[in-house]
Amino acid sequence: FAPVITMGAFPIAVVAAPNSPDRDIAGLLARLRANPGRLNIGTISAGSTQNLSAELFKIRTATQAETVVFPQTPQLVTALLRGDVDAAFEITGPIFGQIQSGALRVLGVTSAERAANLPNVPTLMQQGVPDYDVASWNALVARTGTPAEAIASINRAVNEALAKPELRNALTAVGVEPKGGTPE
């Protein structure tokens, strides 16, 4: 494939149920360390960015927890609210409504910078988790051998679209942080 442009990034939120004793990442870490191997962290899809993000979290924090994988976000949220998992890692888009309504509590975001749609929520690095920067992303690619002029033309068009405030606002509202840039 020949890269064309990075379209957007999807920050991942670490969330808990509203009745959870955890108010932030420090609280979750304290419980994980006090109960090694007894707490559960939920994600969707084994091998997904969310799933690998949870595994990296356990490595970076030297904690032990069982990672429970669910097929889709609704099952993950149900398990979290039911108390079957103690925390969950999920991109902000599918759970933003539950976050806004207070049905889920955000403990932190996994990206290097605060999420545009959750500006008051600190990152995991800001909360003391070292060397932790995880976000999912999407991009456009073309078939290898696509003429450079065609790639440049598509790149320009997407950058122009991503520069429009109405599109940027619409994407940010659903948890996508518009990126853009060069094919490189």
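**Figure 1. The buried residues of helix α4 in the predicted model.** Helix α4 spans residues 92–101, and its buried residues are T92, I95, F96 and I99. Here, buried means under 20% relative accessible area, exposed means over 50%, and partly exposed lies in between, with a 1.4 Å probe and protein chains only. Seen down the axis of α4, these buried residues fall within an arc of 145°, so they line one face of the helix. The arc is that of the directions from the helix axis to the C-beta atoms. The cover over the buried residues of α4 includes β1, α3 (73–82), β4, β5 (105–109) and α6 (165–173). Helix α4 is followed by G102, whose phi is positive, near 90°. Helices (H or I, at least four residues) and strands (E, at least two) are DSSP runs, numbered from the N terminus. The model is predicted, with local features needing pLDDT of at least 70 and side-chain atom pairs counting only at pLDDT 80 or more, whereas totals for chains, interfaces and linings use all residues. Residues are numbered from 1 along each chain as its sequence is written, and side-chain values use heavy atoms, with hydrogens and water left out.

**Figure 2. The buried residues of helix α1.** Which residues of α1 are buried? They are I25, L28, L29 and L32. Seen down the axis of α1, its buried residues fall within an arc of 100°, so they line one face of the helix. These buried residues pack against β1, α2, β4 and β5.

**Figure 3. The largest nonpolar core and the contacts of I25.** A nonpolar core is a set of buried Ala, Val, Leu, Ile, Met, Phe, Trp, Tyr and Cys residues joined through side-chain atoms within 4.5 Å. The largest such core has 22 residues, of which I25, F57 and F89 touch the most other members. At least two residues of this core come from each of β1 (2–16), α1 (25–34), α2 (49–61) and β4 (87–91). Apart from it lies another core of 19 residues, including A13, V15, F70 and V77. Contact means heavy atoms within 4.5 Å. With neighbours within four places in sequence left aside, I25 is in contact with V14, F57, L107, G108, L124, Q127 and V129.

**Figure 4. T123 in the loop between β5 and β6.** The loop that holds T123 lies between β5 and β6 (135–142). Is T123 buried or exposed? T123 is buried, with a relative accessible area of 1%. Not counting residues up to four places away in sequence, T123 touches V109, S111, A112, E113 and R114.

**Figure 5. V176 in the loop between α6 and β7.** V176 has its place in the loop between α6 and β7 (177–178). V176 is buried, with a relative accessible area of 12%. Its contacts, leaving aside neighbours within four places in sequence, are G8, A9, F10 and L171. V176 and I91 are 85 residues apart in sequence, and their C-alpha atoms are 9.2 Å apart in space.

**Figure 6. The setting of the close-up views in the whole chain.** The chain has 6 helices and 7 strands. From the N terminus on, its elements run β-α-β-α-β-α-β-α-β-β-α-α-β. Of the 184 residues in the chain, 44% are buried. Among contacts between residues at least 6 apart in sequence, 71% join residues at least 24 apart.
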